[in-house]
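Please look first at the sequence and the structure shown below.

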Amino acid sequence: MSLEVLVGGPQCTVQGAPRIGLRHQGVPLGGAADPLSMALANRLVGQPAWATALEVALGPARLRFGAAVWFAVTGAQAALHLAGAPVSWHRVLHADAGDELSIGPCRAGARVYLAVAARFDAEVFLGSTSTHLPAGVGGHKGRALRTGDVLGWTDAREADPRLETPQSLRPPLSRRWTLRAVAGPDWPVAAGWPATVGLRAGGRMDRMGVALSGEVLPGFDASSSHGSEAVFPGAVQCTPDGQGFLLLADGQTTGGYPHVLQVIRADRHLAGQIRPGDAVRLAGIDQRAAEAALAYKQSLLADWLPGFRLP
């Protein structure tokens, strides 16, 4: 029982749970760049939120099922065909042996998630099957999947074909994003509370982060780099040329660029869907509002994804 990669696209990786609690040892969080979309895919096929799944960046990609299996696809918007027929996102689907799944280029959003009602074979590193490309660990040989790779699975089971993700829980996908952010430790007090900042995603993007063109803070002396300090996914750093850089799931654990803003935890999953050229609006809020936003989003997810916490 297996899934063969016919076309992996720009980057197709095996992802699972984040590696929580290891940043003091220099281990990034990792896991799905958009953990909510992966959890929703796993939910449809009866798997735990952090069960191993495939993350397909940008597309196109093409996969062949080696055996019958129930599966689900969530995440970025793209044309989706199974055995030549169009199929839908956020629904439980069934593939027969030999069926090919075609994922077109992403139209909105950057990453597609494929979960199966089975347990993917994957390498475990520090308790997670997530691929960490810079270190070459986890997932499938610690690297992105290539044409010809075969990913096995075991413990296949039935799934409920009637299930679909409630419309109210499907993350909004767009080429324009608004992410709420609080002031980072290097935000200058004299500048007052962070206001709305309009930026655009540049061409530099991977699982570590995405470059943002446009001045994060006009007039800020971005050359004032300092000794390395702890940083986290969602950190917006100001590079020496005055531009922004938003850290994602595989972002490093320390950095010396000024950490001027921090995307709030409730919105970080959306950052994993930003693609080059997208408009990105960072809207400043305070810590209390950030905590309330997280509590509200978790309450919305609680019934459909019991026990799931946004990392």
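Buried means a relative accessible area under 20%, exposed means over 50%, and partly exposed lies in between, with a 1.4 Å probe and protein chains only. By that rule Asp 278, at 0% relative accessibility, counts as buried. This is a predicted model, in which local features need pLDDT of at least 70 and side-chain atom pairs count only at pLDDT 80 or more, while totals for chains, interfaces and linings use all residues. Residues are numbered from 1 along each chain as its sequence is written, and side-chain values use heavy atoms, with hydrogens and water left out.

- The structure holds 14 salt bridges, a salt bridge being a side-chain nitrogen of Lys or Arg within 4 Å of a carboxyl oxygen of Asp or Glu.
- One of them joins the side chains of Asp 278 and Arg 175, with 2.3 Å from N to O.
- This pair links distant parts of the chain, 103 residues apart, since Asp 278 sits in the loop between helix 2 (268-271) and strand 21 (279-284), and Arg 175 in the loop between strand 12 (150-154) and strand 13 (176-183); helices (H or I, at least four residues) and strands (E, at least two) are DSSP runs, numbered from the N terminus.
- Arg 175 is partly exposed, because its relative accessible area is 35%.
- Another salt bridge is formed by Asp 267 and Lys 297, whose closest N and O atoms are 3.8 Å apart.
- Here too distant parts of the chain are linked, with Asp 267 in the loop between strand 20 (259-263) and helix 2, and Lys 297 in helix 3 (residues 287-301), 30 residues apart.
- Asp 267 is buried, with a relative accessible area of 3%, and Lys 297 counts as buried at 17%.

- Arg 170 is partly exposed at a relative accessible area of 21%, and Glu 164 counts as partly exposed at 31%.

**The surroundings of Gln 237**

- Gln 237 lies in strand 17, which covers residues 235-238, and counts as buried because its relative accessibility is 2%.
- Leaving aside residues up to four places away in sequence, Gln 237 touches several others, among them Val 231, Phe 245, Leu 247, Tyr 257 and His 259, where contact means heavy atoms within 4.5 Å.
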